Amino acid sequence: MNYVQPIRDKKKIQTMKTVLKAKDEKYYIMFLIGINVGHQVSDVRDRTHINIVEKKTGKTKRFLLNSQMQSELTEYIDKFSLADDDYLIRSRKGKNQPIKRDRAYKVLNEAAQEIGLGEIGTHSMRKTFGYWHYQKYKDVALLQHLFNHANSAVTLRYIGVNQDIMDQSVSDFFL
């Protein structure tokens with residue numbers, strides 16, 4: 001399994017949005033959900049909060065969809081006239097089938113390569129959410145709770161902050 005990174009540069013995030021939107025608006029919305037919610041999301045219509053049941057732990061988490069995310073989702077749903085039982089990110093294969101993980105990985109990876117990013121995959125979206133949430137609030141305990149991680153060390157390692165700290169500590173160290 002490849003180890004993927006968060007996107008640590010906000011300009012690269014904006015460029016990813018542009019590239020994905022040009023490929024297909026569904027990839028743009030997939031990326032927006034991933035980096036702003038940090039969880040896989042299916043039923044988001046007309047909601048201020050979503051309830052997420054994590055596959056790994058079986059725990060349910062209530063998560064706010066902020067007004068910007070609600071607006072983007074409503075615009076997307078209306079633009080493509082999606083029915084209540086339609087998947088947001090549909091595959092071109094089959095009728096109303098969700099995009100598969102390997103396709104999402106391929107699309108994200110191609111877009112990342114196009115803009116000079118490496119080590120990007122589907123988990124990069126969740127890690128990007130965590131990385132930037134941590135940069136803004138510096139609250140690892142809250143982020144740990146949002147991710148349902150066992151401890152803060154796991155969370156910091158997951159979002160790449162430990163690696164940043166280690167890299168910085170040795171970048172100008174020379175004997």
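The dialogue below reads a few features of this predicted model.

Q: Which secondary-structure elements does the chain have, and what pattern do they follow along the sequence?

A: The chain holds eight helices and two strands. Read along the sequence, the pattern is α-α-β-β-α-α-α-α-α-α.

Q: What does the radius of gyration say about the chain?

A: The idea is to set the value against the one given by a rule for globules. For a compact globule of 175 residues the radius of gyration would be near 16 Å, and the chain has 17 Å, so the two agree. Along the principal axes, the C-alpha atoms fill a box of roughly 65 × 35 × 30 Å.

Q: How are burial and contacts over the whole chain to be read?

A: A residue is called buried when its relative accessible area is under 20%. By that cut-off, 42% of the 175 residues are buried. For contacts, take pairs of residues at least 6 apart in sequence: 55% of these contacts join residues at least 24 apart.

Q: Is Arg126 buried or exposed?

A: The test is again the 20% cut-off. Arg126 has a relative accessibility of 15% and therefore counts as buried. Its place is in helix H5, residues 122-137.

Q: Which residues does Arg126 meet beyond its sequence neighbours?

A: Neighbours within four places in sequence are left aside. Arg126 is then in contact with Gly34, Gly38, His39, Glu54, Phe147, His149 and Tyr158. With Tyr158 there is also a polar contact, side chain to side chain, at 3.2 Å.

Q: Where do residues other than glycine have a positive phi?

A: Two cases can be taken in turn. Lys138, which is not a glycine, has a positive phi of about 50°. Lys138 sits in the loop between H5 and helix H6, the latter spanning 140-147. Asn148 is also a residue other than glycine, and its positive phi is near 55°. The loop that holds Asn148 runs between H6 and helix H7, residues 152-158.

Notes
Residues numbered from 1 in each chain as written. Predicted model: local features only at pLDDT ≥ 70, side-chain atom pairs only at ≥ 80, totals over all residues. Heavy atoms only, no water. Helix = DSSP H or I, 4+ residues; strand = E, 2+ residues; numbered from the N terminus. Rg over C-alpha atoms; globule rule 2.2 N^0.38 Å. Buried < 20%, exposed > 50% of the residue type's maximum accessible area, 1.4 Å probe, protein only. Contact = heavy atoms within 4.5 Å. Polar contact = N/O pair within 3.5 Å; in protein donor to acceptor, adjacent residues only side chain to side chain.
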